[in-house]
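Me: I have a structure to go through with you. Let me put it up, and then we can start with the terms.

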Amino acid sequence: MFALLTFAMALSVESPVDARPAGQARTLDAEAAPDTPAAYLALALDHSASVRSAWERWQAAEQRVAVARGLPEPTLSFGAFVQSVETRVGPQLGKVSLQQTVPWPGRLAAASDGATAEARAARMGFEAEVLAVRSRVLDRYWALWLLRANRDVHVDHLAVLDDLSTTVRARVEVGKASLADLQQVDLSRARLAEDIASMEAAEHAAMAGLRAALGLRSAELLPTPVAPPDATLPTEERALLVARVLAHPVQAQAQARVEGAEAGLRGSRAQRLPSFAVGADYIIIGPAEMPDVEDDGKDAIAVGVGLQLPIWQRRYAQGIQAAEATTRAAQADARGRADAAVAQLDTVFAEVRDQARRLRITEGTLLPQAEATYAALLGSWAVGEASVAQVLLAERDLLQLRIDSDRARVAHARAWAALDSLCGVELPRRPATAPP
């Protein structure tokens with residue numbers, strides 16, 4: 001199968017061998033079904049069509065390097081004398097010629113450097129695609145986990161409302177609660193049940209998105225047992241993160257394209273220099289008409305050197321100007337990509353910090369307060385000191401905060417996936433409460 005080494009962000013790659021027909025549907029092996037984000041990443045690298053495509057483009061570019069280094073093909077020609085020319089040793093009957101063109105050395109070197117730069121750009125494109133697939137898989141894994149976590153929270157709160165409805169109904173029967181209280185509880189329960197039912201379609205859509213990121217066509221259930229980690233922050237300072245961003249395969253790919261454009265410029269300038277041609281002629285001589293002639297019928301061999309004269313200098317000058325413009329465009333593109341990546345780093349890093357803050361506040365302060373408030377109101381309601389409306393309001397606040405906690409945890413994990421992908425490595429982390 002098309003296999004890569006375990007994805008540890010080091011981007012070392014084994015040679016992929018894929019015996020599967022291109023149109024064959026990919027399915028999961030029941031015994032090897034993934035159950036962790038790392039297993040999903042390995043599966044994606046094994047099945048992803050975009051990774052395979054980037055790999056093949058890299059291999060094609062590597063093969064073109066040898067093609068660019070080669071000399072032009074030699075020319076072998078044959079000729080026969082329609083009107084023979086008599087010589088002392090006999091008539092000239094025919095000629096065999098072999099000629100080899102040799103470009104100016106700088107032209108071949110420029111072509112080789114350009115092909116090498118394109119091969120390096122293709123390799124960087126492959127590594128960038130691996131990083132992009134990793135980011136997509138993690139993003140869709142956490143989206144699916146969030147849907148299921150929200151559904152579990154809703155199911156738990158539905159059970160709470162069921163118990164509350166049973167209790168209120170019993171109180172209505174003994175006259176300690178009104179029918180309006182029961183209807184209010186049942187309305188909240190019905191709305192919560194409808195929210196749970198609508199999550200089924202959303203879960204199927206999220207699983208379809210994860211399958212697309214994995215390169216799968218089958219409809220197996222995709223488990224998500226691993227929850228997002230706790231709030232963490234990078235241990236490295238911004239300067240080191242910027243250096244990692246600028247060393248990202250996307251930036252290296254842009255720089256390789258600059259080098260390829262510069263090699264093309266050198267090749268265009270070398271077009272103005274002459275090329276050489278070396279050759280040899282083998283002339284077939286027939287028998288002499290006069291007897292006893294020394295070297296009778298001896299064939300002749302001639303060697304020669306030619307020079308290609310580049311006299312259309314205006315045309316070559318325009319080619320140089322075009323190559324210069326291409327080089328400037330590649331340099332501007334590389335600079336723009338680097339600037340955009342650094343700006344994106346600041347944005348993603350701020351998102352990591354903000355989601356870590358939200359997660360700490362939600363789970364450390366707001367959620368415990370909501371749980372304490374809800375428990376207190378239940379106690380007050382049991383002794384008749386609080387209304388059902390107050391209990392339901394506290395229950396909704398608790399439900400929303402539990403959903404917010406899961407959302408913050410997933411948003412934090414997604415921001416970390418984006419930051420790792422942007423830096424090209426899995427960054428070291430520290431707990432968000434620890435000092436830098």
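Me: Before anything else, what counts as buried here?
Reply: Buried means under 20% relative accessible area, exposed means over 50%, and partly exposed lies in between, with a 1.4 Å probe and protein chains only.

Me: And where do the numbers come from?
Reply: This is a predicted model, where local features need pLDDT of at least 70, side-chain atom pairs count only at pLDDT 80 or more, and totals for chains, interfaces and linings use all residues. Residues are numbered from 1 along each chain as its sequence is written, and side-chain values use heavy atoms, with hydrogens and water left out.

Me: OK, overall picture. What is the secondary structure of the chain?
Reply: Eight helices and seven strands. Helices (H or I, at least four residues) and strands (E, at least two) are DSSP runs, numbered from the N terminus.

Me: Is the chain spread out or compact?
Reply: The chain is more spread out than a compact globule, because its radius of gyration is 37 Å, well over the 22 Å that the globule rule gives for 436 residues. The radius is taken over C-alpha atoms, and the rule is 2.2 Å times the number of residues to the power 0.38. The C-alpha trace spans about 145 × 45 × 35 Å along its principal axes.

Me: What share of the residues is buried?
Reply: 40% of the 436 residues. As for contacts (heavy atoms within 4.5 Å), take those between residues at least 6 apart in sequence: 81% of them join residues at least 24 apart.

Me: On to aromatics. How many aromatic pairs are there?
Reply: Six. One of them is Trp-55 with Trp-58, an edge-to-face pair at 5.4 Å centre to centre with 80° between the planes. The rule is that rings of Phe, Tyr and Trp (its six-membered ring) pair if their centres lie within 6.5 Å; planes under 30 degrees apart count as stacked, over 60 as edge-to-face and the rest as tilted.

Me: Where do Trp-55 and Trp-58 sit along the helix?
Reply: Both are in helix 2 (residues 49-69), and because they are three residues apart, about one helical turn separates them. In general, an α-helix has 3.6 residues a turn, so residues three or four places apart point the same way.

Me: Which other ring does Trp-55 pair with?
Reply: Phe-126, again edge-to-face, with 5.6 Å between centres and 70° between planes. That pair links distant parts of the chain, as Phe-126 belongs to helix 3 (residues 105-173) and is 71 residues away from Trp-55 in helix 2. Phe-126 is buried, with 1% relative accessibility.

Me: Which residues make up an aromatic cluster?
Reply: Tyr-40, Tyr-141 and Trp-142 form one. Tyr-40 is also among the buried residues of helix 1.

Me: How buried is helix 1 as a whole?
Reply: Helix 1 (residues 37-47) is mostly covered, with eight of its 11 residues buried. What covers them includes helix 2, helix 3 and helix 4 (179-214).

Me: Which charges sit over rings?
Reply: Arg-429 has its charged end 3.8 Å from the ring centre of Trp-416, and Arg-353 lies over the face of Phe-349 at 4.6 Å. The test is NZ of Lys or CZ of Arg within 6 Å of the ring centre and within 35 degrees of the ring normal.

Me: Strands next. What does strand 3 pair with?
Reply: Its antiparallel partners include strand 1 (residues 75-80), over six bridges with strand 3 (residues 90-102). Pairing needs at least two DSSP bridges between the strands.

Me: Which residues are bridge partners there?
Reply: Phe-78 has Val-96 in strand 3, and Lys-95 has Ile-283 in strand 5.

Me: Last one, Ser-275. Where is it?
Reply: In strand 5 (residues 275-285), and Ser-275 is buried at 2% relative accessible area.

Me: Which side chain does Ser-275 make a polar contact with?
Reply: Arg-107, at 3.2 Å. A polar contact is a pair of N or O atoms within 3.5 Å; within protein, one must be able to donate a hydrogen and the other to accept it, and residues adjacent in sequence count only if both atoms are side-chain atoms. Not counting residues up to four places away in sequence, Ser-275 also touches others, including Trp-104 and Gly-306.
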